[in-house]
Amino acid sequence: MLKIGIDLDNTLAPTTETIIKYTRETKKKYTFKGLNSTKQYTIEEKEKFYNFVNQTINQQHPKSFLPIKDTVDIIPKLAKKHKLYILTGRTHKNEKPTKKWVDTHFPKQFQKIVFSKYVNVEQYIKNKGQRCKEYKIDVLVDDVLDNIWDCHKKEINTILFDFNKQYSWTKGKIPKTTKIAHDWIQVSEMIEEMDV
Ligand SMILES: [Mg+2]
């Protein structure tokens with residue numbers, strides 16, 4: 001049995017894809033580093049940008065905002081053998097829509113949804129490595145390199161999630177021991193290999 005920390009945005013939920021779609025449909029001016037693109041977002045104020053992201057995600061109906069491919073089959077299988085925790089950068093401000101989404105697609109599969117707290121945007125009270133230590137996580141699945149490095153330095157196993165090799169933001173230097181998964185079938189195989 002392993003304790004597995006699973007990130008939410010872009011690991012379980014297709015967040016960036018959804019925001020790009022929303023931005024196009026509503027002709028909003030925000031553009032940012034998207035799928036297969038190295039372009040950074042152009043909004044100057046980070047806080048404004050994050051509010052926009054939160055609003056966009058929070059107003060998606062859970063029934064039409066579907067999780068990433070294969071997660072609905074694989075998460076329950078993993079939950080039978082392991083203890084699963086969602087470790088998200090989202091704050092308690094987003095608790096209600098986040099819980100609703102998780103309960104819709106993954107009812108009773110997770111031990112807990114661990115939200116973040118900010119001092120400022122992107123400045124966490126506790127970063128992911130500290131959260132993983134707190135919950136005694138054996139392996140973290142995440143799409144953000146900072147989180148991967150942070151956990152690696154704390155000797156936690158890491159799987160970098162780069163769905164269909166489309167996540168431009170994952171293409172940096174990674175620790176030697178970090179595995180890269182391109183879909184959830186690969187994630188589950190890697191977890192089974194670790195659990196021996
Ligand atoms: Mg993420």
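**Close-up views of a predicted model: sheet and core**

View 1. Pairing of β2 with β3. Leu87 lies opposite Val114 of β3. Residues are numbered from 1 along each chain as its sequence is written. The open sheet. Its 6 strands follow the order β3-β2-β1-β6-β7-β8, with parallel pairing. Because β3 (112-116) and β8 (179-181) stand at the edges with a single partner strand each, one side of each has no neighbour in the sheet.

View 2. 5 of the 5 residues of β7 are buried, so the strand is largely enclosed by the rest of the structure; buried denotes 20 or more other C-beta atoms within 10 Å of the residue's own, with C-beta atoms placed from the backbone. Asn157, Ile159 and Phe161 point one way from β7, and Thr158 and Leu160 the other way. β6 runs parallel to β7 and is joined to it by 4 bridges, with Asp142 opposite Leu160. On the β8 side, Leu160 has Ile180 as its bridge partner.

**View 3. The largest nonpolar core.** This core (buried Ala, Val, Leu, Ile, Met, Phe, Trp, Tyr and Cys residues joined through C-beta atoms within 7 Å) has 31 residues, and those with the most contacts inside it are Ile4, Ile6, Tyr85, Val139 and Val141. β2 gives the most to this core, with 4 residues.

Definitions and conventions: This is a predicted model: local features need pLDDT of at least 70, side-chain atom pairs count only at pLDDT 80 or more; totals for chains, interfaces and linings use all residues. A residue is buried if 20 or more other C-beta atoms lie within 10 Å of its own, exposed if 12 or fewer, and partly exposed in between; C-beta atoms are placed from the backbone. Helices (H or I, at least four residues) and strands (E, at least two) are DSSP runs, numbered from the N terminus. Two strands pair if DSSP finds at least two bridges between them.
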